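Good morning, and thank you for coming. Please look at the sequence and the model on the screen while I speak about charged pairs.

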Amino acid sequence: MGRGGPRPEPSSVRVPGPWRHGSVSANGIRLHTVEAGEGPLVVLLHGFPEFWWSWRHQLVALAAEGFRTVAVDLRGYGDSDKPPRGYDLWTLAGDVAGLIRALGEPKAHVVGHDWGGLIAWTLTALHPRLVRTLTVVDAPHPLAIRASAVRDPAGQFRATASYALGFQLPRHPERSLRADGGARVERIMRAWSGPDWPDTPDFAEAARRNREAMLISTVAHCSLEYYRWALRSQFRAEGRRFAAAVARPAEVPVLQIHGADDPCLLERTAQVSPRWVTGPFVHHVLPGTGHFPHQERPAATTAAILDGIRQARG
C-alpha cells in the first residue's frame with residue numbers, strides 16, 4: 001500500500017486460520033482476542049511493532065498440547081480499542097488482568113514478548129493471584145532495563161537510545177512509521193532480527209502483515225505512546241510510584257527466553273532480572289537469535305515455553 005492510499009480497516013488483522021477470533025470487554029475497553037485449543041489458559045502478549053499475529057506459531061502448537069491459548073491485540077493495536085490514554089504499564093497490566101477475568105479463568109500462564117513481556121512482569125507484581133507462571137521473551141524486568149541504562153551506558157543505554165529517544169518527538173515518528181506503506185516497520189524488524197530469519201518467506205509474510213497493521217488509523221501513534229510514557233515517567237512522581245510497585249518480587253515460576261543477538265534489549269540486561277524473582281527462575285538463551293525468538297526460532301521457543309509450564313505444574 002503506497003503513501004496516501006486508503007488505510008486498512010482494524011478488522012483486517014482478523015486473519016483466518018486454525019483459531020477463533022473474538023472480542024472481550026476488559027478494563028473499560030474492547031480487546032480483540034484470537035483463541036485456539038482447550039485446557040489451562042495461556043495468554044500471549046505481543047510487542048512492538050507487531051500485533052497478535054506474532055504468536056501464530058505458538059497459538060497452534062500450544063493448543064495441540066492441551067492448552068486454551070489466547071493471543072490478544074494490546075491496547076492501541078490491531079482490532080482492539082485505541083483510546084487516547086492508558087499507555088502506561090499500570091493501565092496495560094490492568095487490561096490483561098481484566099482479560100483473564102473476562103475469559104472466565106481464575107489464573108493464566110502468561111507469556112509476553114517485548115512490551116508484552118514488560119506488561120507481564122507488571123501484571124505479576126500488581127495482580128499476582130492471576131498468574132500461574134510467567135514467561136518473558138526478550139523482555140528483561142522493567143527495573144533491570146532502568147538499572148542497566150544507568151550502569152551500562154555503552155551497552156543498554158546506547159541500545160535503547162538508538163530508537164526510543166527518537167520516538168519522543170511529536171508527529172514525526174508516526175509519519176515515519178506510516179510512510180511508504182509502513183516500510184520502516186520492516187526495516188526495524190530486519191535490524192532487530194538475528195542473521196537467519198530475514199531471508200525466509202516467514203519473515204516476508206510477517207513484515208507484510210506488520211506493515212499493514214501499522215497503517216490502521218492511530219496504531220502508529222498509540223504504539224509510540226508506550227515509549228513516551230516509559231521515558232517521561234522517569235522524571236515524574238508517577239515513575240517513582242511505579243518503580244516501587246513493580247519491585248514486588250515474582251513468587252511464581254519465571255522463564256526468561258532471550259535471543260543472544262538481540263540488539264535493543266541486551267541479553268546481559270536480561271541477566272539482571274532475577275533480582276526481582278523469589279520463585280523458581282530459568283534463563284534460556286537462544287544463540288544466533290535476535291529480538292524475535294518466538295518467530296525466528298518458533299519450535300525452540302515453543303518447546304521452552306512448554307517445558308517451563310510443565311515443570312511448574314510438577
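I begin with a definition: a residue is called buried under 20% relative accessible area, exposed over 50%, and partly exposed in between, using a 1.4 Å probe and protein chains only. This is a predicted model, in which local features need pLDDT of at least 70 and side-chain atom pairs count only at pLDDT 80 or more, while totals for chains, interfaces and linings use all residues. Residues are numbered from 1 along each chain as its sequence is written, and side-chain values use heavy atoms, with hydrogens and water left out.

By these terms, Asp81 is partly exposed, because its relative accessible area is 26%. Arg30, at 28% relative accessibility, is also partly exposed. What joins the side chains of Asp81 and Arg30? They meet in a salt bridge, at 3.6 Å from N to O; the term requires a side-chain nitrogen of Lys or Arg within 4 Å of a carboxyl oxygen of Asp or Glu. Asp81 lies in the loop between β4 (68–72) and α2, and Arg30 in strand β2 (residues 29–36), so the pair ties together parts 51 residues apart in sequence. Here helices (H or I, at least four residues) and strands (E, at least two) are DSSP runs, numbered from the N terminus.

Next, Arg68 and Glu35 form a salt bridge, with their closest N and O atoms 2.7 Å apart. Arg68 belongs to strand β4 and Glu35 to strand β2, so this pair ties together parts 33 residues apart in sequence. Are these two residues buried or exposed? Both Arg68 and Glu35 are buried. They also belong to a network of salt bridges that includes Arg20, Glu38 and Glu105.
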